[in-house]
Amino acid sequence: MAQRKILMALMGLEIGGAETHVVELSKELRRMGYDIAVVSNGGVYVAELEEAGIRHYEAPMHRRNVRLMLKSLLRLRRIIAREKPDVVHAHARIPAFLCGLLKPVMGFPFVTSAHWVFEVNAPLRLLTNWGQRTVAVSEDIKTYLRESYGVPGEHVTVTINGIDTEKFSPAVSGRRVLEELGLDPDKPVVSYVSRMDESRALVARQLVEIAPRLRRAVPDLQFLIAGGGDVYDEILAKAEAVNAAEGRRCIAMPGARTDINEIAAAGDVFVGVSRSALEAMAAAKPVIVAGNEGYIGLFTKDKLELARESNFCCRGCPMSTCELLEADLLHALALSREEKDALGAYGREVIGEYYSVRRMASDCVSVYKQVWRRKSVVLSGYYGFRNLGDDAILDAIARQVRSMSDPPRLTVLSNAPQETKNEYGVDAVYRFSPLAVYRAIRKCDYFISGGGSLLQDETSAKSLLYYVSLIRAAQLHRKPVMIFANGIGPIRRASGQRMVRNCLNKAGSITLREDSSYQALRDIGVTNPNIRVTADPVFLIDGIPEAEARALLAKSGAAEGARRLIGVSLRPARGLEEHLDALARFCDGIAAQPGAGLVFLDMQDPWDGQISRRVEEKMSAKACRFASRSAPEMMGVIRCMDAVVSMRLHTLIFSAKQRVPLLGIVYDPKVSAYLQMLDMPSAGAIESFDPDYALGQLTALLADLPARREHLERAVPRLEEAAQENWSIFTQMLGGADK
């Protein structure tokens, strides 16, 4: 299908854990093939997004200011109208509030992420919208959403802060950053990254406060404290005072940076919380997990479960103090190089196992799929008439649609909609209800005229008019139309030829199941360049296991005393009535073959069974009948045959699929076409049926079974491959229509 489009909405793109989360998520989704756009107040990460091919729009969603929020609302509306995203994903309270106002008006699927816990009071509740589904970055946030906002637990998916392990890696050097900031790369460094806001900067303050004491214990110790925010100037002033007292620059505070991977790499020990701690772990650094929410300390194996409970945010843990931080830093700095390397290696192992950016993106995609509008396809055909051939086409199409990574919603026009729904797991409407059919076509995204010999007037002119009218209705509603693996003709009336020519020349794509159908279209003047000869979709399904099939045959009495089984598939057709006696003599001849057992294979209830019984009544020999409502069952039973004689096209296809040699009785040109394609013999046309000739053809076939099977082993894989082309064209159509 076409690229799904996702619009990320967040407050800004300055340094911060949620901001980095969105950047990494957007880049990974882009790598996975999604089309990503981001709207925010902008910031240092905009360039990184744009370099990755991600569009950025600016809207001042970073402050609870009525004027700015109104301005953002108007911009968001224009952006969403322009982008037409499949999902809008908001990552903070203000963007979620604004998107929530627009959703009822614009109707887009809406998802939010909860990166943190917020104050809960009446005014702020009014500013909070958690969307149709919510992604929480830890289990405790999911609990908070459920308890504080009443968000149903089944609407919340817990993910992780995914880390790019190539960007944050032991292979990255921090030397350039240290030299740029005037720090000595050959002396020990404690690095730290966080936003310098009042709600985030507790540990930054503590590091500056304990720096002089730590330097007395560890001479030449240096500190690299990165991040910008509303208390940055205050903390910077205190750091400069320490530098002045120490007589050299031992604390560097470069403000907001985007080269966080190099800053993490620059330290011997990293101090931080949440995403920044995980990034340092990916860089294989010993990490002290500490933040405004609590204190875990030096990360070791025994602290894994505690840290994971809050996604390394420390909620519920004791608060960070200068004393705790100082003691752990002294311990970490005193470790040997081997001990530090072991801690770093374990941290990176944890990231690889639990915090991959691909898993984070996949978690989000699973949430998107819960809310985004699925493309819808209306499928027209001869469905719901208990014809195993056409039901097999529907089965093949339904299976292939379900196997797609982003399956469209399939609505089938059926004579028995409830049966079709129950059997194939699709939506269905009654094919003879004009209002229901009109609504289905009007609401769908694509229309498929699917499988079988739909466009012909041999059965009746009304049948042709019905199928052409459906195609024209779809075209009038500007729905992309695909003629899917059809057999064409015969179309004898000039009016019918004109109707088919006019509608098929406007079809988006046409696939045909045999060359003769291609020629039939050319003969009536269809010049559409998007025609391809493929094969019947039934070549892509298979039968039940042979053991199950033989058990079904045994119940019908077919295996009693027979060394070889020969299947016979008859159907109503013009000229058949005059040849019932001849067919009975032919079937007696089949039953007289050494060790043979004859099995009538009834493909459409009740019509085939009526013909089989009438022929059987005229026979001298005994026969048995097998009927099933399931195409895979019938195909499995055919696998147990030594040979099959058939008037029905799809019995021939079932046989070929199972590599069972076959003999065709021609009632329609499509049967001749497939016999030629498979290089299998014909018993002649039903209008001039000669039982002696037919029996001679069967005798020759039975004498040559190994070679015939070997021929099918070579021929059928090519048809299976050609049948798969239908799906390549179908998925191209679903993609191209969105552009």
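Student: Is Y346 buried or exposed?
Tutor: This is a predicted model, and in it Y346 is buried. Its relative accessible area is 12%, and the cut-off for buried is under 20%.

Student: What about F299, buried or exposed?
Tutor: F299 is at 3% relative accessibility, so it counts as buried.

Student: How many aromatic pairs does the structure hold?
Tutor: There are 16 aromatic pairs.

Student: What do I need to describe one?
Tutor: Two things: the distance of the ring centres and the angle of the planes.

Student: OK, give me those for F299 and Y346 then. Why is the pair called stacked?
Tutor: The ring centres of F299 and Y346 are 5.8 Å apart. Their planes are at 15°, and planes under 30 degrees apart count as stacked, so this pair is stacked.

Student: Where do F299 and Y346 lie?
Tutor: F299 is in the loop between β13 (294-298) and α12 (304-309). Y346 is in helix α14, residues 337-354. The pair therefore ties together parts that are 47 residues apart in sequence.

Student: Which residues make up the ring cluster?
Tutor: F299, F312, Y346 and Y355, linked by ring pairs.

Student: And F108 with F110, what are the distance and angle there?
Tutor: That pair is edge-to-face. The centres of F108 and F110 are 6.2 Å apart, with 85° between the planes. Both residues are buried.

Student: Switching to charges. Which ring does the charged end of R4 sit over?
Tutor: The ring of W372, at 4.4 Å from its centre.

Student: And R315?
Tutor: The charged end of R315 sits over the ring of W116, 5.2 Å from the ring centre.

Student: New topic, the sheet. What is the strand order in the open sheet of 7 strands?
Tutor: The order is β16-β15-β14-β17-β18-β19-β20, and the pairing is parallel. β16 (427-430) and β20 (531-533) are the edge strands, each pairing on one side only. From one strand to the next, the twist averages 20°.

Student: How many bridges join β15 to β16?
Tutor: There are 4 bridges. β15 covers residues 409-414 and runs parallel to β16. L413 stands opposite V429 in β16.

Student: Which strands does helix α17 touch?
Tutor: Helix α17, residues 417-424, packs on the sheet and touches β15 and β16. The direction of α17 makes about 165° with that of β16.

Definitions and conventions: Residues are numbered from 1 along each chain as its sequence is written. This is a predicted model: local features need pLDDT of at least 70, side-chain atom pairs count only at pLDDT 80 or more; totals for chains, interfaces and linings use all residues. Side-chain values use heavy atoms; hydrogens and water are left out. Two strands pair if DSSP finds at least two bridges between them. Helices (H or I, at least four residues) and strands (E, at least two) are DSSP runs, numbered from the N terminus. Axes are lines fitted to C-alpha atoms, for helices over the stretch in contact, and angles run from 0 to 180 degrees between N-to-C directions. Contact means heavy atoms within 4.5 Å. Rings of Phe, Tyr and Trp (its six-membered ring) pair if their centres lie within 6.5 Å; planes under 30 degrees apart count as stacked, over 60 as edge-to-face and the rest as tilted. Buried means under 20% relative accessible area, exposed over 50%, partly exposed in between (1.4 Å probe, protein chains only). A charge sits over a ring if NZ of Lys or CZ of Arg is within 6 Å of the ring centre and within 35 degrees of the ring normal.
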